[in-house]
Amino acid sequence: MCTFTPLVILPELSFTQAPYAFTLVGQYIVKNVVFILAGILIYQESKKERQQALI
């Protein structure tokens, strides 16, 4: 959670023109968000497939 706080607390550190133009720090944070969301999506899909295989 602490990794994402600059987006809210220090937006001038994360954006050059909010909310579209990210700085290098903002790009790093958004990359992490995308990886986390992709991991959750992959986990949920594999969980569905395992449940369907049991039926």
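**A walk through the chain**

By the ring-pairing rule, the count comes to one aromatic pair. F15 is buried, because its relative accessible area of 15% falls under the 20% limit. F22 has a relative accessible area of 30% and is therefore partly exposed.

Let us step back to the whole chain, keeping in mind that this is a predicted model. The chain holds three helices and two strands.

What about the overall dimensions? The C-alpha trace spans about 50 × 20 × 15 Å along its principal axes. The radius of gyration is 16 Å, whereas a compact globule of 55 residues would have one near 10 Å. Of the 55 residues in the chain, 13% count as buried, and F15 is buried too.

Now for the surface. The chain's accessible surface comes to about 4,800 Å², and 69% of that belongs to carbon and sulfur atoms. One place to look is a nonpolar surface patch of about 460 Å², made by V8, I9, L10, L13 and V25. Within this group, L13 is a handy landmark: you will find L13 in helix α2, which covers residues 11–14. L13 has a relative accessible area of 40%, so L13 counts as partly exposed.

Definitions and conventions. Residues are numbered from 1 along each chain as its sequence is written. This is a predicted model: local features need pLDDT of at least 70, side-chain atom pairs count only at pLDDT 80 or more; totals for chains, interfaces and linings use all residues. Side-chain values use heavy atoms; hydrogens and water are left out. Patches are made of residues with over 30% relative accessible area and no salt bridge: like charges are joined within 9 Å, nonpolar side chains (Val, Leu, Ile, Met, Phe, Trp, Tyr) within 5 Å. Accessible areas come from the Shrake-Rupley method with a 1.4 Å probe; for residues, only the protein chains shown count as cover. A salt bridge is a side-chain nitrogen of Lys or Arg within 4 Å of a carboxyl oxygen of Asp or Glu. Helices (H or I, at least four residues) and strands (E, at least two) are DSSP runs, numbered from the N terminus. Buried means under 20% relative accessible area, exposed over 50%, partly exposed in between (1.4 Å probe, protein chains only). Rings of Phe, Tyr and Trp (its six-membered ring) pair if their centres lie within 6.5 Å; planes under 30 degrees apart count as stacked, over 60 as edge-to-face and the rest as tilted. The radius of gyration is taken over C-alpha atoms; the globule rule is 2.2 Å times the number of residues to the power 0.38.
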